[in-house]
Amino acid sequence: MTQNYINPLIVQRADPYIYKHTDGYYYFTASVPAYNLIEIRRAKTLNGLANAAPRTIWRKHSDGSGAMSQLIWAPELHFINDKWFIYFAASHTKEFDHNGMFQHRMYCLECANPNPMHDESDWIEHGQIETHLDTFALDATVFEAHNKLYYVWAQKDPAIQGNSNIYIAEMENPWMLKSEPVMLTKPEYNWETKIFWVNEGPAILHRNGKYFLTYSASATDENYAMGMLSIDEDADLLDASNWYKSKTPVFQSNMDIQQYGPGHNSFTVSEDGETDILVYHCRNYTDIKGDPLYDPNRHTMVQKFNWNDDGTPNFGKPVPYNYE
């Protein structure tokens, strides 16, 4: 049976992450417009998420100048070794550093309760996930391959032009890196360097004997677009030369229907367990007042996608709103 999805699925939720768990629930988390807490909602169907009640499971630190006290961004919910983990970025200030960058670092929370929405007190902090650089870092995701856990994230290298590149490392455990980070991609093409030089928001998809890594590039306005790397599943994931980078975006603004700046995506599967679903945020106007970061109207969208004959994903174009 063909399933039609509500779009936007959830309004004013950027950086959306949806995970379908073995308990039959879809779990959803994303950046909230106030950037002050982390919430989860769940439902047995994707459309059910639209009206599911969110539960706050963690709040920013209240001191206002310490770690994890400002600008809580882009949480992701993962289930690893029978426990829940949330990865997110946070700062100690809203001010920029000497490079004109936000001052975010990456953090990890853990919950041993089978129901991650049971109570805030179930979640414990593991603190900052430290990498090779003490610089702006965000948008972490994790995935398992070759019986190992890998961490993929975006970070600023002062020696490289731009705001952030994307790195990978093997993990010692869900909150600590084991290997030296390897840079997989940096902003270099014209479509990755519109207003800001950015590679961020990585997401992993494993299909057809390959791992695909999508990411978002350029400023968070209508220029925002998704790129993609790919690698054979049996290759060394920590060898950057094994990854192939697409020279053109794989998903971008659909000007004809006023869907602008799609990106910071994640992946899930439909209720039938077979159809692949792209999850992303998008705006429906370009006249943004002030900093796009503080415009709340990046809405969560979901849509099915297909596969090309060569085994690569074909995401198509952003779909129109259909809630009216």
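Colleague: Quick one to start: in the hairpin of β2 and β3, which residue takes a positive phi?

Modeller: That is Y35, with a positive phi near 55°, and the hairpin has five residues between its strands. Keep in mind that this is a predicted model, in which local features need pLDDT of at least 70 and side-chain atom pairs count only at pLDDT 80 or more, while totals for chains, interfaces and linings use all residues. Residues are numbered from 1 along each chain as its sequence is written, and side-chain values use heavy atoms, with hydrogens and water left out.

Colleague: How many bridges pair β2 with β3, and in what sense?

Modeller: β2 and strand β3 (residues 37-43) pair over three bridges in the antiparallel sense, where pairing requires that DSSP finds at least two bridges between two strands. Strands here are DSSP runs of E with at least two residues, helices are runs of H or I with at least four, and both are numbered from the N terminus. The bridge partner of Y26 in β3 is A43.

Colleague: How many residues of β2 are buried?

Modeller: Six of the six residues of β2 (residues 26-31) are buried, so the strand is largely enclosed by the rest of the structure. Buried means under 20% relative accessible area, exposed means over 50% and partly exposed lies in between, using a 1.4 Å probe and protein chains only.

Colleague: Switching to β19, which residues are on each side of it?

Modeller: D276, L278, Y280 and C282 are on one side of β19, with I277, V279, H281 and R283 on the other, and all of them are buried. In a regular strand, side chains alternate between the two faces of the sheet. The strand spans residues 276-283, and eight of its eight residues are buried.

Colleague: Which strands does β19 pair with?

Modeller: Strand β18 (residues 260-269) pairs with β19 in the antiparallel sense over six bridges, and F267 stands opposite L278 in β19. Strand β20 (residues 299-304) also pairs with β19 in the antiparallel sense over six bridges, with Y280 standing opposite M301 in β20. The hairpin of β18 and β19 has six residues between the strands, and G273 takes a positive phi near 75° there.

Colleague: What about Q70, buried or exposed?

Modeller: Q70 counts as buried, at 11% relative accessibility, and its place is in strand β5 (residues 70-80). Leaving aside residues up to four places away in sequence, Q70 touches K60, G64, A90, S91, H92, T93 and K94, a contact being heavy atoms within 4.5 Å.

Colleague: Zooming out, how many helices and strands are there in the protein?

Modeller: The secondary structure comes to zero helices and 22 strands. The radius of gyration is 18 Å, close to the 20 Å that the globule rule gives for 324 residues, so the protein is as compact as a globular protein of that length; the radius is taken over C-alpha atoms, and the rule is 2.2 Å times the number of residues to the power 0.38.

Colleague: What share of the residues counts as buried?

Modeller: Of the 324 residues, 56% count as buried, and residues 24 or more positions apart account for 51% of the contacts with a separation of 6 or more.
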